[in-house]
Amino acid sequence: MSWGTELWDQFDNLEKHTQGGIDILEKYIKFVKERTEIEISYAKQLRNLSKKYQPKRNSKEEEEYKYTSCKAFISTLNEMNDYAGQHEVISENMTSQITVELTRYVQELKQERKSHFHDGRKAQQHIETCWKQLESSKRRFERDCKEADRAQQYFEKMDADINVTKADVEKARQQAQLRHQMAEDSKADYSATLQKFNHEQHEHYYTHIPNIFQKIQEMEERRIVRIGESMKTYAEVDRQVIPIIGKCLDGIAKAAESIDQKNDSQLVIEAYKSGFEPPGDIEFEDYTQPMKRTISETSLSNSRGDSKTELKFSSKSKGKLWPFIKKNKLSLKLGAGPEDFSNLPPEQRRKKLQQKVDELNKEIQKEMDQRDAITKMKDVYVKNPQMGDPGSLDHKLIEVGQNIEKLRLEVQKFEAWLTEVEGRLPVRGEQARRQSGMYEAQTTPSVNNCAQDRESSPDGSYTEEQSQENELKMMATEFDDEFDDEEPLPTIGTCKALYTFEGQNEGTISIAEGEILYVIEEDKGDGWTRIRRNEDEEGYVPTSYVEVYLDKNAKGAMTYI
């Protein structure tokens, strides 16, 4: 099977066919190139998606990712990032192994094809030239033969005419002989030209054209093989990343299997457990008791006073069941608590103190490791003075020793607070007994609540009340404060938010730039203004974040909650 023998007369069709093959190859190159662009775009979008949902560092959102479900989500995002990397690998390999190689091959193929068809056209032109020479020689031979016949006929006519002179007859005879000789010469030239053409034609159709067409056939077959190899490479590039993509998917499945709902529930307890016990039963308050007493001026006045006091403190008991609901305004507004974390509930305070102790112990270990390293270096300098002066390290050792001593003092301080907190935490086994007998041990409802509750001191710490007298005074004050909470404060003006403020701490409120709100308590010198959005939303915002418009008729003296 050879194009040279089977397609010897299909030069033009072969030229079109080979051009079509190159067009197919270029179309395939364009297809692979667009596939690589899609892979790069897909990988970029996957990376952006993974980055978009990663938790921000040092943010409140990052704290939520301690739960197993959130950790699994983070693992999924990381695996998707690796998954995107494999699509980038696909794009790179297809570009280097297919697009670049085929583009260079197409240029070489075009040059080879051009050369082969140039040789074919050259051979075609040569055989056409030989054919023209044959036709010219043939026409000349035909013409000379006709001229020789006419000259012979003229001679015979002149020779038969008795009226023609002998000289004319001789002239006609010589002319006939000349024409006959010319015809013979043309015949010989035609014969030689014909033999030459037949030889050239045989060489053309049996040697030159078959060789050229054979080269074109080999070129076309190489092109077909090359595009097949490229398609195989196309599949292999995808197949090579399948195991890694499978590992990414396995990682996502493994992360999903690692989710532990019980562990997450325990983490919620550890994060929000206050350490307080639930409140006990509220005693019955008998308002009919004063009516049964002996009616007299003294007893009536005393009963009224006792009733007011009892009512006052019992209202306090109704309004404040949970000891940690009381909020310290200064602590919340500033967003930072005291060093001993006394603004936190007992359990949360214990966790914070333990965390601080662990951090300080790590710092001490670092300093001790540094001291050991400096000591070893000093020993090396002592043994090899040429390497350095041992005395130059003394001040570093002194400095590290001082740092260790400071850190140890800090550890002792926080451990003392930790021991104090752990001593105050209730034992779980005694909880039922404490709840049932807590109120019976006291004489009045007001004292009962104070004995159980831990009040919030002015600096934000939770402390046990030491005496009944202090309890009564504090509860009277807190009653006034809570009475103010129950009665909404009147508005003293309006304000416009100059900037957006995210109220993340308790006691604060979030505002948006340009928002109009009501002012219920102006700045008392601490940099905070109390505002209200509606009946259920109020809190503190930085004074510098709002522009205040006070009502001239409003009361100027306001108190803190």
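1. The surroundings of β3 can be described through its pairing partners. Strand β4 (residues 516–521) runs antiparallel to β3 and is joined to it by four bridges, with Cys 495 standing opposite Leu 517 of β4. Strand β7 (residues 546–550) also pairs with β3 in the antiparallel sense, here over five bridges, and in that pairing Gly 493 has Leu 550 of β7 as its bridge partner.

2. These strands belong to an open sheet of five strands, whose order is β6-β5-β4-β3-β7 and whose pairing is antiparallel. The edges are formed by β6 (538–542) and β7, each of which pairs on one side only. On average, and with direction ignored, neighbouring strands of this sheet are turned by 40 degrees against each other. Within the sheet, β4 is joined to strand β5 (residues 528–532) by three bridges in an antiparallel arrangement, and Tyr 518 has Arg 532 in β5 as its bridge partner.

3. Turning to the chain as a whole, the secondary structure comprises 13 helices and seven strands, and buried residues make up 33% of the 561 residues. Of the contacts with a separation of 6 or more, 74% are between residues 24 or more positions apart. The chain exposes about 36,000 Å², of which carbon and sulfur atoms supply 52%.

4. In soluble globular proteins, nonpolar side chains tend to be buried together. The largest nonpolar core here has 32 residues, and the members that touch the most others are Leu 25, Tyr 28, Met 94, Ile 98, Phe 213 and Ile 216. Helices α2, α4 (68–160) and α5 (166–257) each supply at least two residues of this core. A second, separate core has 16 residues, among them Ile 374, Leu 407, Val 411 and Trp 417.

5. Two residues deserve a look in the viewer. Phe 213, leaving aside residues up to four places away in sequence, touches Trp 3, Gly 4, Leu 7, Trp 8, Phe 11 and Leu 14. Thr 99 sits in helix α4, and it counts as buried because its relative accessibility is 11%, which is under the 20% cut-off. With residues up to four places away again left out, Thr 99 touches Ile 29, Val 32, Lys 33 and Met 94.

6. Confidence should be kept in mind throughout. The mean pLDDT of the chain is 78, and 78% of the residues score at least 70. The mean is highest in helix α2 (residues 11–52), at 94, and lowest in helix α12 (residues 445–452), at 35. Over residues 292–335 the pLDDT stays under 50, although the model has 72 contacts beyond four places in sequence for them. Residues 555–561 are likewise below 50, and this stretch has 23 contacts in the model beyond near neighbours in sequence. Where pLDDT is low, the predicted coordinates should not be read in detail.

Methods:
Residues are numbered from 1 along each chain as its sequence is written. This is a predicted model: local features need pLDDT of at least 70, side-chain atom pairs count only at pLDDT 80 or more; totals for chains, interfaces and linings use all residues. Side-chain values use heavy atoms; hydrogens and water are left out. pLDDT is the predictor's confidence in each residue, from 0 to 100. Contact means heavy atoms within 4.5 Å. Two strands pair if DSSP finds at least two bridges between them. Buried means under 20% relative accessible area, exposed over 50%, partly exposed in between (1.4 Å probe, protein chains only). Accessible areas come from the Shrake-Rupley method with a 1.4 Å probe; for residues, only the protein chains shown count as cover. A nonpolar core is a set of buried Ala, Val, Leu, Ile, Met, Phe, Trp, Tyr and Cys residues joined through side-chain atoms within 4.5 Å. Axes are lines fitted to C-alpha atoms, for helices over the stretch in contact, and angles run from 0 to 180 degrees between N-to-C directions.
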